[in-house]
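The entries follow below the picture.

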Amino acid sequence: MELGGFANRIAHIDLTTRTVEYKPIPEDWARKYIGARGLGVRYLLENGAQVDPLSPANMLCFMNGPLTGTDANMSGRQALVTKSPLTGTVTDSHIGGWSAARLRWAGFDGLVFTGKADKPVYAYVHDGQVEILDASEFWGKGIHETIRLFKEQYGEKDLSVTTIGPAGENLSRFACWVNENDRAAGRGGTGGVGGSKNLKAVVFQGSKTARPKAQNRESWKEAHRRALATIMDEKNITSPRKGGLSVYGTNVLMNVTNVMGALPTRNSQVTSFGDKAELISGEYVKENILVEDPTCHACPVACKKEVEITEGPYAGLRMESVEYEPAWSVGANCGNHDIGSVAKIIDLCNDYGLDAIEIGNVLAVYMEATQRGYTNGDGGLAWGDHSAMVATVHKIAFREGIGDVLAEGTERTAEHFGHPELSMTVKGQSIPAYDPRGLKGMGIAYATSNRGACHLRAYTPASELGLIALKTDPLEWKGKGELTKLLQDIHAFSDSLDLCKFSAFAEGIDEYAAQYAAMLGIEFGSEDVLKAGERIYNLERHYNNLAGHGEGSDYLPKRFTAEPSTMPGSEGHVCELDLMLDEYYTARGWVNGVVPEAKLKELEII
């Protein structure tokens, strides 16, 4: 394959036999599905959509895109692609830090794991080869200790470790992979898939001297200059040390959504946390506990916020990072405004390997079940009881007592208590930090996400909060189906490059097309971006259709469609999902959530 950007080398690892085969990427796949997310799903489809997610037959892919590890801004992302044990859908979860770049510098575009090792193993990736080695001494250890031990073994130079913790080993359905101690591929239960395969860690060693160069270097210079200029522009939220994302991190949104009546609180029973939201906000973090602003490969934004707790029961804790979604999840969603405990619980999730969005939702279901008297002898958990929350997170990671139930995820927990209506989930995955009664676009985005409730498939708040040029009214449903389809296609493309999602706060399809074309040395325009993104999104939906998610699989919890908001900013509003779904399906050319054969042929998927 003559395309630039690619190493054109995928390691196919059978953990059952501990054999590794090195294969090129089919050029047709590389052109159609770009890389990372799109290419990973194509490999998954080849493996079959009917596999049990926690069986040896399931496939787990660590995939880079053609811009990963290059000089492209915000190009330090890697997609972990598998069939989710939480949702039964395809899922891709992206991780930042440095492991993606070091995979590329080690000579690979991706790793494809199948099978199950007979005892714990790890993969050591370096110098164009993958070794499968004994991980028995690391099994049972937390993520922070595991990473420390690997760095003692291999040295810190040019090394990144991506690992699961006890939650993944114990097959929690929302376990995750973590690198650099605190960067997580959080959603979808990818860590549980690793645990089911007895795969403890992947160790990447590669030097930036192996950084790939663009095929068309003159075009690249201009494309790179233009993309960087948009990120640095002071009118954009990404502007280093000036834009809100850089200054406050993702948690710049806490006060914003709270005032709008779009901050789900106490398991979405209300849409605002009142004056308590300030105490867990990005502004509060910056003024009181911020100590450092780390960053990822090739990123000038530095949205990560390292904090230190200096008083109270969690004094001495230093961790990264009090992000918006996790701070909401174990904060407002659980009626908890203690910032020390918010940091502590997120840090536990990073050490145990748990999705820090799902964790607050499953705790909130337990809390509402307690509130309503539904726990049936399974103890209880009060709103805002942060010391009990900390203890319960430990129980979840190790499946102790009620933790064995909660480790199954939000939807299964609500069903266990006999009240599925308490589960704020779509396709089995919990919502993140946006209430669709106050941000209508999030409602249709949650419902039609191919990996379950998700803000990152189509980040409609970028439009509804006025963060991009295309601005819309957050309380207007009309046009949101079409907006969601557009953003889903754009994000599917950028996730396949693989660029950080925050690049979209500054860059657009013109910048994406120019960088991709220059890197590969091909002709590629803005319309090609949209077509490739549409193809990838339909490929995912086709996989889900084959996996059994047919007509009627796009829905929202009735709390959002039938119970009006009672809080200022969105008072009286529900989410008009059915109206938006009609608009969305018309734009997509789908039949009630199913991709017709004609559409699959039009997009050259079949």
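How are H2 and H21 directed relative to each other, roughly parallel or roughly perpendicular? I looked up the angle, and helix H2 (residues 36-47) and helix H21 (residues 526-546) pack at about 30°, with their axes 10 Å apart. H2 and H21 are therefore roughly parallel to each other.

I noted the ground rules before going on. The model is predicted, so I kept in mind that local features need pLDDT of at least 70 and side-chain atom pairs count only at pLDDT 80 or more, while totals for chains, interfaces and linings use all residues. Residues are numbered from 1 along each chain as its sequence is written, and side-chain values use heavy atoms, with hydrogens and water left out.

I also wrote down the terms. Helices (H or I, at least four residues) and strands (E, at least two) are DSSP runs, numbered from the N terminus. Axes are lines fitted to C-alpha atoms, for helices over the stretch in contact, and angles run from 0 to 180 degrees between N-to-C directions. Angles under 35 degrees count as roughly parallel, over 145 as roughly antiparallel, 65 to 115 as roughly perpendicular and the rest as oblique.

**Entry: H2 and H21**

I found that the crossing of H2 and H21 is left-handed (the near helix is turned anticlockwise from the far one by less than a right angle; clockwise would be right-handed). On the H2 side, the contact (heavy atoms within 4.5 Å) is made by Arg37, Gly38, Val41, Arg42, Leu44 and Leu45. H21 brings Ile536, Tyr537, Leu539, Glu540, His542, Tyr543 and Leu546. I sorted the contact by class and got 8 nonpolar, 2 polar and 3 charged residues. Here Ala, Val, Leu, Ile, Met, Phe, Trp, Tyr, Cys and Pro count as nonpolar, Asp, Glu, Lys and Arg as charged, and the others, Gly among them, as polar.

**Entry: H17 and H23**

I then looked up helix H17 (residues 440-448) and helix H23 (residues 577-588), whose axes come within 10 Å and cross at roughly 65°. H17 and H23 are therefore roughly perpendicular to each other. The crossing is right-handed. Lys440, Gly443, Ile444, Ala447 and Thr448 of H17 meet Leu577, Met580, Leu581 and Tyr584 of H23. By class, I have 6 nonpolar, 2 polar and 1 charged residues in this contact.

**Entry: sheet with S7 and S8**

I traced an open sheet of 6 strands in the order S8-S7-S12-S9-S10-S11, with mixed pairing (two strands pair if DSSP finds at least two bridges between them). Strand S8 (129-134) and strand S11 (183-185) stand at the edges with a single partner strand each, so one side of each has no neighbour in the sheet. The twist averages 20° from one strand to the next. Strand S7 (residues 121-126) pairs with S8 in the antiparallel sense over 6 bridges. I checked Ala123, and its bridge partner in S8 is Ile132.

**Entry: sheet with S4 and S5**

Another open sheet of 6 strands has the order S2-S1-S6-S3-S4-S5 and mixed pairing. Its edge strands are strand S2 (19-23) and strand S5 (90-95), each pairing on one side only. Strand S4 (residues 78-83) and S5 pair in the antiparallel sense over 6 bridges. I found Lys83 opposite Val90 in S5.

**Entry: whole chain**

I counted 24 helices and 17 strands in the protein chain.
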